[in-house]
Amino acid sequence: MLSDFQVMRRLFTLIKPWWGWMLLGVVLSLLTILANIGLMALSGWFIASMAIAGITGAAINYFTPAALIRAFAIIRTSSRYAERLVTHEATFRLIASLRSWFYDHLEPLAPAVIQNYRSGDLLSRIRADIDTLDNFYLRIIAPVTVAFISSIIIVIFLWQYSQTLAFIELFFLVAAGVLLPLLINRWGYSASSRQSKITSELRSAVMDSTQGMSELLINDAAKRHSDYVEQLSEGLLKDQKSLATLNGGSQAMSGLLANLCVLLMLIIAIPMVNSEAIGPASLPMLALFTMASFEAIMPLSLAFQTLPTTLAAARRLFDIVDSKPAIIEPEIPHPLPDSADLVFNNMSLRYPSQETDALQNISVNIPTGTNIAIVGPSGSGKSSLINALMKFWPVSSGEISFGGVPIEQLDGEELRSQFAVASQHSTLFNSTIKRNLLLANRKATDSELEAVCKVAQIHDFIMELPEGYDTWIGEAGHKLSGGQMRRISIARTLLKAAPILILDEPGEGLDSITEKNMLQSIIENNKQRTLILITHHLSGLDAMDQIVRIEKGNIVSNQDD
Amino acid sequence: MSDAKDSASPEFLKAQKKTTGAYLRFSVGLGLLSGLLLIAQAWCLANIINNVIFEKATVANLSSYFVALFFVYLFRAGLNWASEYTAVEAALRVKRDLRKKLHDRLFEVGPLSLNNERSGELINTVVDGVDALENYYARYLPTMSLVALIPLSILVFIFPIDWISGVIMLVTAPLIPFFMIMIGKGTERLNKKQWRKLARMSAHFLDMIQGLTTLKLFNASRRESQLIARISDDYRKSTMSVLRVAFLSSLLLEFLSTVSIAMVAVLIGFRLMYGELDFFYGFFALLLAPEFYQPLRNMGTHYHARMEAIGAAEKMIEILHPDDVKSEDTLIKSTLIKSALVKSTLIKSALVKSTLLKDVPVNNDLASSSSSELSHSSIVENKTLGITNSIKIEFKDVSFEYEPGRPALEHLSLSIKANENIAIVGSSGAGKSTLMNLLLGFISPQQGEIVINQKPLRQDHLNEWRHNIAWMPQRAHLFQGTIRENICLANPSANDSAMKNAAKSALINEYIESLPDSYDTHIGERGAGLSGGQIQRIALARAFLKDAPLLLLDEPTAYLDQESEALIQQSLQLLSKDRCVISIAHRLNTVQQADRVVLLEKGRVVAIANHQTLMAENPLYQKMVDLFEQGDQHHA
């Protein structure tokens with residue numbers, strides 16, 4: 001497990017490319033704060049000096065301070081605007097690079113490593129984690145840097161007047177900006193960790209309400225369940241309340257600390273004025289300076305609150321990114337052979353967490369252009385065959401050769417370019433039907449698209465949609481049935497120009513007539529390329545050259561037709 | 001998005017204010033008091049500094065001011081804390097109330113109206129959506145009340161002593177909200193668009209990750225990496241162009257407040273030099289100038305809380321008042337609500353008031369006493385069906401349609417004898433589920449009536465009626481909690497041996513007892529860790545334990561493998577003994593065991609007879625059974 005420090009260091013490396021923007025944001029934010037302190041302090045000094053000059057009749061250069069006051073106001077205004085633009089620019093650039101970074105690191109791990117993260121919950125956690133990282137600069141780095149630098153400037157300025165004043169200011173800045181937030185975080189720790197636990201319990205309970213409502217009503221349990229939900233909600237509110245009480249106390253306390261600092265400064269500075277160690281006009285200046293200076297440390301409490309969640313999010317992401325890919329690609333890959341003959345030679349495959357082989361001693365010969373059916377009940381290891389063939393998983397023993405070359409010696413991406421695969425887990429993306437199809441062949445013409453959709457028995461359905469091939473599908477668009485999605489994904493596979501076609505349970509979700517028509521049409525249109533048909537039932541196998549039965553990872557029969 | 005909807009959310013939010021009781025006003029009062037003390041604080045401070053500069057006063061001379069200042073500081077800190085505390089309490093009250101209302105509302109609209117795909121969104125609204133309201137009630141509303149009160153109180157003090165500063169403040173202050181609203185109006189729409197874009201970008205990213213394997217199969221995964229970078233970059237550019245305008249409101253706020261303070265300072269300075277103003281008053285005014293603008297700044301900070309709350313409220317309105325929403329895709333939008341459920345307003349009151357809000361006496365009686373007692377009581381006479389242990393059900397000319405003009409069941413008349421085993425057969429859309437839903441009380445007949453033991457089934461009988469039903473759906477739902485809790489769903493007080501007997505009858509006892517925690521094993525979400533067959537058998541144990549006289553089955557083995565199916569069929573035979581059984585049939589086995597088979601077609605009864613007779617006489621039935629056989633084979 002990475003230490004907090006290591007996580008921070010890696011985060012810094014990640015955001016480094018945007019240091020220019022981030023630095024500019026910090027500088028502007030610093031200017032905004034200092035201009036305000038300058039405005040208030042100078043105003044105090046100015047009106048006191050003017051009043052003294054009015055009474056004593058002494059001459060005073062009022063042009064410079066009056067102009068400076070206006071200048072501070074203008075600087076404050078414009079740098080605030082520029083700061084907001086620049087920090088947001090920096091954040092958006094960060095978002096873009098973080099996403100690309102994560103994706104680029106995840107890509108080589110797919111699908112072997114991310115299979116563990118298949119469930120939607122984990123995926124949305126990844127998404128939430130990346131969103132959390134987006135705030136790293138805006139909520140943590142920028143305010144902490146600004147608070148640090150401006151505190152130094154503030155303390156140095158006071159040092160000119162008196163070391164005591166400088167120390168008092170430093171003490172109160174640290175107390176309000178660092179100690180108080182740390183203390184509040186510690187006190188709120190149990191409530192805030194309980195809060196996230198209860199929230200997820202509440203979520204499951206409400207899910208039970210929506211999905212199990214019939215059962216609750218029939219079994220006279222609705223009231224009981226509602227009481228349970230109410231009880232969870234009450235527990236959540238209780239924790240939220242204690243956290244809010246704590247935060248309210250923290251805010252009030254930090255205001256009080258700033259005020260006490262002013263009070264103490266006055267008590268120290270007044271004797272200095274009395275003894276004429278400092279000019280009388282410095283007194284209102286110091287008071288207003290101190291009041292305004294606390295703006296610098298205000299955002300620190302939020303930074304302290306966000307830091308642990310940000311680090312936790314970053315750690316989870318680094319954990320994923322750091323996982324070793326299941327397959328190491330050869331350094332100098334063998335060039336792609338001309339032939340597409342496939343030979344499985346006594347090949348076995350076992351997943352790391354499993355006790356038995358998913359595939360055991362598989363030997364099959366699939367010459368180019370032949371049709372082969374691999375038949376067996378679900379769970380017999382048919383999908384593992386694809387995993388091995390695609391170089392998604394390494395084989396444990398034996399070998400697979402493509403065109404006479406063991407696939408370990410081939411580059412994975414080049415190897416996969418030789419296969420068109422419709423796996424059971426093929427996804428359609430939130431996009432139009434057309435763009436989903438084009439994934440397989442970006443240069444395909446409309447008539448080519450229609451041709452494969454006709455083969456997959458889905459063309460007529462698409463034409464019935466108001467927007468035809470431009471219909472947007474997925475969560476944001478048209479809901480398709482499982483069978484319709486299946487057929488589109490098969491059409492997409494057919495579109496890919498590759499010498500070997502693999503269809504994994506193509507009939508899933510289809511009625512038997514459609515399935516039969518589709519298979520017939522696929523076989524008719526598939527004259528030259530190898531067809532590997534993976535299925536659990538025996539219909540439509542007449543056209544096969546070879547039928548291999550697999551059960552529990554073993555070949556139980558292999559018959560040539 | 002229609003304008004009507006745009007104004008509905010703010011109104012909805014305002015309507016919830018009454019839930020806060022006095023807390024919101026209390027919080028504003030405390031905030032105002034703290035604001036007034038600010039003036040006292042400035043007065044003390046101005047006095048101290050004035051006396052030091054012009055009267056050569058020492059700390060000792062000024063001790064009373066220092067003590068006063070110290071207590072004002074302390075008191076203000078206390079007030080600020082109390083104001084925050086009460087504001088949060090106000091928000092929590094709204095949250096508590098709304099969450100309960102939303103959750104109750106789910107039960108009110110009933111299981112048929114809950115669109116499964118949207119269930120995630122419903123959960124989000126009930127859990128996170130409600131939480132998103134906190135800042136609106138705890139921050140935005142108090143700030144909006146103080147935004148006028150505190151500056152006005154400050155002006156009351158400034159005007160008599162320094163009218164010029166007063167005028168500067170008075171003129172600039174209203175400009176801030178004015179311009180903010182002007183700019184805000186223009187950018188609000190753009191802002192919303194940007195948020196949607198962000199959500200879409202996020203969704204796209206998730207989509208890519210989910211489909212990474214597919215992308216890899218098409219060698220498109222690296223290409224997509226560039227696409228992700230490009231989309232994020234496009235988003236940055238378009239957002240920044242919106243923000244350049246949106247941030248103008250903060251520029252303006254900053255400009256007006258900062259430049260006004262500078263003007264106040266400079267003008268005071270000159271009047272001090274000319275002797276037109278006393279330093280004490282000048283300094284007092286300068287101290288109050290930033291405080292004058294502070295509430296306006298706060299308004300800018302908390303403005304987004306309003307946007308967020310409005311977004312959350314839109315979803316709540318869709319759940320609580322679906323009729324008010326004209327939009328096509330509401331959360332619980334179902335013609336069901338409009339036609340059937342809302343029409344029979346009874347269901348609202350019956351379900352919510354009796355099942356949820358309070359324990360009505362009938363409910364308690366049922367749970368605690370024997371049913372014979374019930375029939376004696378004259379008060380509850382009309383409210384009960386008086387079911388003892390045999391049930392006769394009669395459908396008298398029952399019709400139901402989910403949408404006007406599209407009948408789901410038409411003129412159904414059917415009488416079911418005590419302890420009869422009835423199978424319902426028909427192609428999809430024939431009305432099988434509607435019939436089942438009528439029996440379950442999820443919908444009520446729009447025409448005709450259902451008569452139970454000579455008494456018409458009414459909404460206020462639902463509790464008692466459901467008490468007499470055991471139901472097995474195709475996919476039973478298991479709840480978060482232990483296996484024990486799941487088996488005892490209908491009988492939470494059942495004793496250990498009764499529960500174990502039920503598990504034994506459902507042939508699941510051995511499996512449960514092999515688990516380390518046995519019956520106290522926790523079940524994950526949707527029964528995670530259990531196979532479909534095990535889930536169904538736990539649900540079956542639930543039915544055994546409930547021991548109800550009527551058993552409703554919706555082909556509970558539809559999604560199971562052969563082995564599990566055999567086990568469940570075996571238990572079901574045991575459970576069906578001496579009970580009235582009504583089942584929706586998809587399997588040959590089920591129809592063969594039935595005393596009578598009801599064949600439905602397009603909402604109408606085509607034939608009622610036993611399996612053999614129908615096989616001999618009805619071609620439609622023969623075709624159906626043929627399909628069953630094929631299905632059974634396919635299944636094998």
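Me: Taking helices (H or I, at least four residues) and strands (E, at least two) as DSSP runs numbered from the N terminus, in which loop of chain B does Lys56(B) lie?

Reply: This is a predicted model, in which local features need pLDDT of at least 70 and side-chain atom pairs count only at pLDDT 80 or more, whereas totals for chains, interfaces and linings use all residues. Residues are numbered from 1 along each chain as its sequence is written, while chains are lettered from A and ligands numbered from 1 in the order in which they are written. Lys56(B) has a phi near 55°, a positive value in a residue other than glycine. The loop that holds Lys56(B) is the one between helix H2 (23-55) and H3 of chain B.

Me: Does Lys56(B) count as buried or exposed?

Reply: The count is of other C-beta atoms, placed from the backbone, within 10 Å of the residue's own, with 20 or more for buried, 12 or fewer for exposed and partly exposed in between. Lys56(B) has 11 C-beta neighbours inside 10 Å and is therefore exposed.

Me: Where is Glu505(A) found, given its phi near 45°?

Reply: The phi of Glu505(A) is a positive value in a residue other than glycine. Because Glu505(A) has 19 other C-beta atoms within 10 Å, it is partly exposed. Its place in chain A is the loop between strand S9 (500-504) and helix H16 (512-524).

Me: Which residues of H10(B) make the contact with H3(B)?

Reply: With axes fitted to C-alpha atoms over the stretch in contact and angles from 0 to 180 degrees between N-to-C directions, H3(B) and H10(B) pack at about 40°, their axes 9 Å apart. They are therefore oblique to each other, since angles under 35 degrees count as roughly parallel, over 145 as roughly antiparallel, 65 to 115 as roughly perpendicular and the rest as oblique. Contact, for which C-beta atoms placed from the backbone must lie within 7 Å, is made on the H3(B) side by Leu98(B), Lys101(B), Leu102(B) and Arg105(B), and on the H10(B) side by Met316(B), Ile319(B) and Leu320(B).

Me: How are H7(A) and H3(B) oriented to each other, roughly antiparallel or roughly parallel?

Reply: The axes of helix H7 (residues 222-274) of chain A and H3(B) come within 8 Å and cross at roughly 160°. The two helices are therefore roughly antiparallel.

Me: What covers the buried residues of H4(B)?

Reply: Helix H4 (residues 119-131) of chain B has 13 residues and reaches 18 Å, close to the 18 Å expected. The buried residues of H4(B) include Leu122(B), Ile123(B), Val126(B) and Val130(B). Their cover includes H3 (63-109) and H10 (279-320) of chain B, together with, from chain A, helix H5 (163-211).

Me: How far apart in space are Met144(B) and Ala594(B)?

Reply: Met144(B) is found in helix H5 (residues 134-161) of chain B, and with 17 C-beta neighbours inside 10 Å it counts as partly exposed. Met144(B) and Ala594(B) are 450 residues apart in sequence, and their separation in space, C-alpha to C-alpha, is 69 Å.

Me: What share of the residues of chain B count as buried?

Reply: Chain B has 24 helices and 12 strands. Of its contacts with a separation of 6 or more, 77% are between residues 24 or more positions apart. Among the 636 residues of chain B, the share that count as buried is 45%.

Conventions. The expected span of a helix is 1.5 Å times one less than its number of residues. Two residues are in contact if their C-beta atoms, placed from the backbone, lie within 7 Å.
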